[in-house]
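Subject: Structure for you to look at

Hello,

Here is the structure I said I would pass on.

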Amino acid sequence: MSRPGAPVTPYRREGDAGRSGLDARLVVRRGGFELDLGLTAGPGEVVALLGPNGAGKSTALRALAGLVPTAGGHIRVDGRDLRPLPPERRGIGMVFQDYLLFPHLSALENVAFGLRCQGMRKREARRVAAQWLEQVGLAEYASARPRQLSGGQAQRVALARALAVGPSLLLLDEPLSALDAHTRLEIRSALRRRLEGFEGAAVLVTHDPLDAMVLAGRLVVLENGRPVQQGRPADVARHPRTEYVARLVGLNLYRGRAEGTSVRIGDGDGGGMVLDTVDHLQGEVFLAFEPAAVALYRSRPEGSPRNVWRARVAAVERQGDRVRVRLDGPPLAAAADVTPAAVAELELAPGSAVWASLKATETRVYPA
Amino acid sequence: MTVMKRLPIPAAAPALLAAAALALSGCGDVDDGGSASAGADKGGKTLTVFAAASLTETFTSLGKTFESSHPGVKVRFNFGGSSTLAQQIVQGAPADVFAAANTTTMKTVTDRGAASGQPTVFARNRLVIAVSGSGESKVKGLSDLADRGLKVVLCATQVPCGSAADKALQAAGVKVTPVSREQDVKAVLTKVRMGEADAGLVYRTDVRAASGQVKGVEFAESAKAVNDYPIAPLAEAPQPALAKEFVGLVLSQQGRTVLTRAGFEAP
Amino acid sequence: MTRPPGTARPPAAGPDRDRGLGRPPWMLVLPALLGLAFLVLPLAGLLVRTPWSTLGTRLAEPQVLEALRLSLVSATAATGVCLVLGVPLAWLLARVPFPGARLVRALVTVPLVLPPVVGGVALLLALGRRGLVGRWLDEAFGITLPFTTAGVVLAETFVAMPFLVISVEGALRAADLRYEEAAATLGATRWTTFRRVTLPLVAPGVLAGAILCWARALGEFGATITFAGNFPGRTQTMPLAVYLALETDPQAAIVLSLVLLAVSVIVLAALRDRWVNA
């Protein structure tokens, strides 16, 4: 962090002038599981690792920290090769999932811990730690034990503790998952502001797309130990390339073959269908549309939409102020969002038959 | 019988651990398994003898003699410190015969009326200086024990061999500063045998039993502190007739021969 | 510690305390009471037979006080040695995988299984004047351990150490390893982590182990009398004094046992108050 008035970290590492960020290839083998992930993050950039449970996100983070051994690859931070170093000599900062504040130390002593490990005198370490606590708005909690802190406060102490050592790489493991939905919103934006002030590279692990979108400048989606998609959050959200990402961002996603403004989806043996689109493309493509773009009718609609199909309702789920209706194929399995009033009017229930329509202008088509 | 015998620490360094562990697990009951089944067939009479630890070898041998002349009878021994045994008898332990290492201990039993008739002294034991069996010892007599460079162990004053030692040293006018006052005579012997102590005062019978590993140095003043070993059948004996017969065997010529061979003197 | 302003502690999680879980089942209560009775009954026997009238004069005997002092000093010293050597040993067993760890763990419990008298003989064979190491200690430094207070401490350490090691190893295994990882990411070496994170986290386990260790050392008899002998003021601890008093004066033995018992109960209660309420 380098906002005006922020404590100057006393042990700046050599090569600060030429920060080059993180450049890593992580290879970890464990039983039948293999992680093989290339990962870069420029100075000041926050990269989010997103993926389902068991995808290897936390393993990747722990490999960066040196807490699990790597079977190959490299880990360079600002030009320094960290891979042969034990965790304590990597000069990283890590915020753990449930913060792991030392329960026997006060908030201040927790923050001062890393500084003391770097050889700072006790009094000086406590002074700097106090500044960090002030920085995260917890000056008056200096003497509080971790169990006396709320989840949000503990998270801020954990962040201060990680940043106080002046790390060249900051690792955050599900930093918001231990919080309830209400505090989460607030803490998320505060965390975002603090991460913006951090000059080094930061890697964030989360399974919550919203956290990733808000906090990270770039997403790397990990599935089964392999990166499946990466890019700016908005791009990933708009153009998902796997089922997992599509479901995560709430899009219907299909793979098909484009010929001009029509895309054939499915195997072509009568199981699939052809959808009209507006994008002009040829060859293998992804086709995505939002659930809200799907309209449902009791009988076949008249008029403009040309993408019309008959479907069976598989499930009806309330989601906030709207209702998500899952439609079974063939020809097309899809999610549709409608209002509760529409559910009543159409008498939607699992098993009932409906007509679905989709405007061509609501579809997005991009090369696979 | 769940009375635990105090552990006599056996000889020879390497075998020591195993042997001591065995001795403990045995709990001190000396069973002669040979006639056990025969005894059971004939109604299985068991004679229980409480005897001082220093009588372990001789009485075990006499017990076998008794069993062979009394088919169907099994002799069980509880060897231990005389005072401990006396306590157990006074507290009502079921025993037939008590043989103590000194008369004072026997007196605690007779005073309570726990003995049947007057006890008889059947053996006497004399103190000797035990020195390590290997190499030449410079200890020739009691006065040599006053050397402060010498590590001397004695029995604690509370046990018979300790009071006997005090008596002998006093009679000789020798002042000894021991490094330790051990809980019983076997412990003194062990310390000498293992070379931790240079000399100790023990009974002549103990040196005889540990033949080869320690040497005994006799001294004239031991006559001033001779221990009398009394034996008596007990008032509450479950087998009064057998008890009398066993006492008879100990007092017989046969018994005397066994005792003398072990180093005891006749009364 | 006063709570900082504005800390709202969430109400304690878990089921409503007032409701409880119902009556304790007699299947547990009955054996529990029997067990307690079994432990307390011998103590009651001691108390019933205590010659209270002569208690005061017996306590004032210098030999008794000397034995008591020696017992407390040597048990405390033995506990200290156990902590210095046993905590690292427990750490090694709990944290560092090495070939033969199972065997080492079994060896640690040997003094628990070994009859203490045999333990004393084993100590003589190792550290006695003619023992494996003792011979060398004697020749090189002129140090002989048997018949010294140091010998008492060693004998007590030998029998008491397993209690500490087992207790601390259990605490270390139960402790959350991720705190140690967190310390490492903050730049702490393993030594610093052990000192500033691991040890404070397992402190209750260490304390429990130390208390067991101290109590065991205080009551130690067999190994002590075998290895260190019995000499008032130097190696005669309370249990030895009790044992010898039993030979001639059982009432004195009862008094001595009570003194030992009372002192240990007072010390442990005081420690508990100090640590639990700290």
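**Chain A**

In chain A, 66% of the contacts with a separation of 6 or more are between residues 24 or more positions apart; two residues are in contact if their C-beta atoms, placed from the backbone, lie within 7 Å. This is a predicted model, in which local features need pLDDT of at least 70 and side-chain atom pairs count only at pLDDT 80 or more, while totals for chains, interfaces and linings use all residues. Residues are numbered from 1 along each chain as its sequence is written, and chains are lettered from A and ligands numbered from 1 in the order in which they are written.

The C-alpha trace of chain A spans about 80 × 40 × 40 Å along its principal axes. Chain A contains nine helices and 18 strands. Helices (H or I, at least four residues) and strands (E, at least two) are DSSP runs, numbered from the N terminus. Of its 368 residues, 42% count as buried. A residue is buried if 20 or more other C-beta atoms lie within 10 Å of its own, exposed if 12 or fewer, and partly exposed in between, with C-beta atoms placed from the backbone.

Chain A is divided into domain 1 (22-243) and domain 2 (252-367), with bounds that come from an automatic or database domain assignment. The C-alpha centres of domain 1 and domain 2 of chain A are 40 Å apart. Five residues from domain 1 of chain A and five residues from domain 2 of chain A make up the contact. On the side of domain 1 of chain A that touches domain 2 of chain A there are one nonpolar, one polar and three charged residues. For these classes, Ala, Val, Leu, Ile, Met, Phe, Trp, Tyr, Cys and Pro count as nonpolar, Asp, Glu, Lys and Arg as charged, and the others, Gly among them, as polar.

Chain C has 14 helices and zero strands. Its C-alpha atoms fill a box of roughly 65 × 55 × 40 Å, taken along the principal axes. Of the 278 residues in chain C, buried residues make up 40%. Among contacts in chain C between residues at least 6 apart in sequence, those joining residues at least 24 apart come to 75%.

Towards chain A, chain C puts 21 residues in contact with 23 residues of chain A. Helix 9 (177-185) and helix 10 (190-201) of chain C each supply at least two residues of that side of chain C. The largest share, six residues, comes from helix 9 of chain C. By class, the side of chain C that touches chain A has 12 nonpolar, five polar and four charged residues.

Towards chain B, the contact takes 22 residues from chain C and 23 residues from chain B. On the chain B side, helix 1 (13-26), helix 4 (82-90) and strand 8 (180-182) each supply at least two residues. Helix 1 of chain B gives the largest share of that side, six residues. The side of chain B that touches chain C divides into 13 nonpolar, seven polar and three charged residues.

**Cores and one helix of chain B**

A nonpolar core is a set of buried Ala, Val, Leu, Ile, Met, Phe, Trp, Tyr and Cys residues joined through C-beta atoms within 7 Å. The largest has 100 residues, and B:Ala130 and B:Val202 have the most contacts inside it. Helix 8 (residues 149-174) of chain C provides the largest share of this core, 15 residues. Apart from this core lies another, of 89 residues, among them A:Leu39, A:Leu61, A:Leu149 and A:Leu191.

In helix 5 (residues 103-111) of chain B, the residues B:Thr105, B:Met106 and B:Val109 are buried. Seen down the axis of helix 5 of chain B, its buried residues fall within an arc of 100 degrees, so they line one face of the helix; the arc is that of the directions from the helix axis to the C-beta atoms. The buried residues of helix 5 of chain B pack against helix 4, strand 4 (97-99), helix 6 (160-172) and strand 11 (227-233) of chain B. After helix 5 of chain B comes B:Gly113, with a positive phi, near 70 degrees.

**Confidence**

The model scores ipTM 0.78 and pTM 0.76. Chain C averages a pLDDT of 87, and 91% of the residues score at least 70; pLDDT is the predictor's confidence in each residue, from 0 to 100. Over residues 1-16 of chain C, pLDDT stays under 50, and the model has 11 contacts beyond four places in sequence for them. Where pLDDT is low, the predicted coordinates should not be read in detail.

Regards
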